[in-house]
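Q: Please take a close look at the nonpolar core of this model and at the helix packing beside it.

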Amino acid sequence: MAYQFKDDDVICSCTNITKKQFLKVINDEGLETLEQARDETRVNVACGMCVYIVEKLLADKQ
Ligand code: FES
């Protein structure tokens, strides 16, 4: 679950983006959807394994 990830934990191993980096981008850019997050950060466009955590972080931001 998202709360189990620490700020410096990598949430998408294909891009090596950390939870903190991802949250900064979605907050700074006002991203709300998975598609927007994919376009801006490139998360979840390779293997797709991180879809759960990416969607959870986006949902928690609402
Ligand atoms: S872990 Fe995110 S696309 Fe592979």
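A: **The nonpolar core and its surroundings**

The largest nonpolar core comprises 10 residues: Ile-11, Cys-12, Ile-17, Phe-22, Ile-26, Ala-37, Val-43, Cys-50, Ile-53 and Val-54. Such a core is a set of buried Ala, Val, Leu, Ile, Met, Phe, Trp, Tyr and Cys residues joined through C-beta atoms within 7 Å; buried denotes 20 or more other C-beta atoms within 10 Å of the residue's own, with C-beta atoms placed from the backbone. Two or more core residues come from each of strand S1 (10–12), helix H1 (19–29) and helix H3 (51–61); helices are DSSP runs of H or I of at least four residues, and strands are runs of E of at least two, numbered from the N terminus.

The model is predicted: local features need pLDDT of at least 70, side-chain atom pairs count only at pLDDT 80 or more, and totals for chains, interfaces and linings use all residues. Residues are numbered from 1 along each chain as its sequence is written.

Leaving aside neighbours within four places in sequence, Ala-37 is in contact with Ile-26, Leu-31, Val-43, Val-54 and Leu-58, a contact being C-beta atoms, placed from the backbone, within 7 Å.

H1 and helix H2 (residues 34–41) pack at about 110°, with axes 11 Å apart. The two helices, H1 and H2, are therefore roughly perpendicular, a class covering 65 to 115 degrees. Phe-22, Val-25, Ile-26 and Glu-29 of H1 meet Ala-37, Glu-40 and Thr-41 of H2 in this contact.

Overall, the chain has three helices and two strands, in the order β-β-α-α-α, and 19% of its 62 residues count as buried.

Definitions and conventions: Buried ≥ 20, exposed ≤ 12 C-beta atoms within 10 Å, placed from the backbone. Contact = placed C-beta atoms within 7 Å. Axes fitted to C-alpha atoms, helices over the stretch in contact; angles between N-to-C directions. Parallel < 35°, antiparallel > 145°, perpendicular 65-115°, else oblique.
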